[in-house]
Amino acid sequence: MTLPLTLIETLRRANSVAVLTGAGISAESGLPTFREAQTGLWAKYEPTELATPQAFERNPQLVWDWYAWRRELVTQSKPNAGHYALAAMERHLHATGKTFTLITQNVDGFHHLVGHQTVLELHGNIQRTKCYRENTVIPTWPSTEERPPRCPRCGGYLRPDVVWFGEALPPATLTAALQAAQVCEVFFSIGTSGLVEPAASLPRLALDAKACVVEINPTPTPLTPQATYAIAGASGTVLPELVQAVWP
Ligand code: BV8
C-alpha cells in the first residue's frame, strides 16, 4: 500500500498523537465487529438491543449468556498486527518525549495485552464483572449454575462491567479522551463506523482543533469525507506499514 509521504512526514514531526479504535481493529483477531450479524445462536438478536439495561431487566440470563459467549471468543482470540503496531507507535513517540493517547470503544482488552501504559476504555471491559445494583467491580464469586450469578455482597445480579446504550461513560475516562482529542496534533480513527456517541464526536473535536485526522477503515464512514487522510484498508495491514515507514 502506498502511504502518503505528507502523512509520514506529519507523523515524524508530531509531538502528540491520539488514537480512537473500534471493533474493526479486532476483526483480524477473529472477533465479529459490533454491527456484523452475530453468528449462530445470536444471529436473531441486534447487539444494540442486547447491550442495554432494559434488555438485562427483561431477560438477565439471555444478556449474561451473550456476554459469556463473547468473553469466550475473546479468551480464544489474541491481538493482531494492528494492535502491536499501535504499541510500537507509542514506544517510538515516548522514546522521543512525545505523547500518545489510546482511546478505545472496544471491550476486549486487547490493547492492554500488547503493553500500552494507559488505555482509555470508553465502554468498559468484558473481562470485568460488577454488581448490577451497586456498580462495584466483583473479582470473584462462589461458582454456581445460576445465570447471571449473584453478587456475594448484596445478593443481586452480577453483570459485565461494560457501558450499555443509555448508560453514561466513565466520567474521568471520557474527560481524558475529550482532552486528548482537543490538544493532539494527529488523531487516528481506526476500525469504527463512527455511529456511537459520544465516541464518534472525538475525531470531529480533533478536526475542529485543526489536528490532522487519519481514518483507517476498509469501508466509508461519516468521517471519511472530512478526514485529512482516509486510508481504505485493514488496520492489520496499514498500521504495521505506516509505523515501519515513519520509524524505519
Ligand atoms: C450515552 C459496550 C448519555 C457494550 C458499546 C448523542 C450524544 C450522546 C448519546 C447519544 C447520542 N445519540 C445517540 C446516543 C445514544 C447512544 C448511541 O450512540 N446510540 C447509537 C446507536 C446511535 N449512546 C449511548 O447510549 C452512550 N451513552 O451517551 O449516555 C448519558 C449521560 C448521562 C447519564 C446517562 C446517559 C453509550 C454508548 C456505549 C454503548 N456500548 N459497547 C458492548 O460491547 O456490548 S458501543 C459498541 O459499539 C461497541 O463498543 C463498539 O465498539 C461500538 C461502536 O461500534 P464500532 O466499534 O464502530 O463497530 P462497528 O461494527 O460499528 O464498526 C466496525 C468498523 O470496522 C466498520 O466500519 C468496519 O468496516 C471496520 N472494519 C472491519 N474490519 C476492519 C475494519 N477496520 C479496520 N480493519 C479491519 N480489518
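**Helix packing**

Me: Is the crossing of helix 7 and helix 8 left-handed or right-handed?
Reply: This is a predicted model, in which local features need pLDDT of at least 70, side-chain atom pairs count only at pLDDT 80 or more, and totals for chains, interfaces and linings use all residues. Residues are numbered from 1 along each chain as its sequence is written, and side-chain values use heavy atoms, without hydrogens and water. The axes (lines fitted to C-alpha atoms over the stretch in contact) of helix 7 (residues 171–183) and helix 8 (residues 201–208) come within 7 Å and cross at roughly 35°. With the near helix turned clockwise from the far one by less than a right angle, the crossing of helix 7 and helix 8 is right-handed.

Me: Which residues of helix 8 meet helix 7?
Reply: Contact means heavy atoms within 4.5 Å. Ala177, Leu178, Ala181 and Gln182 of helix 7 meet, in helix 8, Leu202, Leu205 and Ala206.

Me: How are helix 1 and helix 9 arranged relative to each other?
Reply: The axes of helix 1 (residues 5–13) and helix 9 (residues 235–246) come within 9 Å and cross at roughly 65°. Because angles of 65 to 115 degrees count as roughly perpendicular, helix 1 and helix 9 are roughly perpendicular.

Me: Which residues of helix 9 make the contact with helix 1?
Reply: Helix 1 contributes Leu7, Ile8, Leu11 and Arg12. Helix 9 contributes Leu242, Ala245 and Val246.

Me: Which helices do the buried residues of helix 5 pack against?
Reply: The buried residues (under 20% relative accessible area, 1.4 Å probe, protein chains only) of helix 5 (residues 81–95) include Gly82, His83 and Glu90. These buried residues pack against strand 1, strand 2 and strand 6, and also against helix 6 and helix 9.

Key. Axes fitted to C-alpha atoms, helices over the stretch in contact; angles between N-to-C directions. Helix = DSSP H or I, 4+ residues; strand = E, 2+ residues; numbered from the N terminus. Parallel < 35°, antiparallel > 145°, perpendicular 65-115°, else oblique. Expected span 1.5 Å × (residues − 1). Buried < 20%, exposed > 50% of the residue type's maximum accessible area, 1.4 Å probe, protein only.
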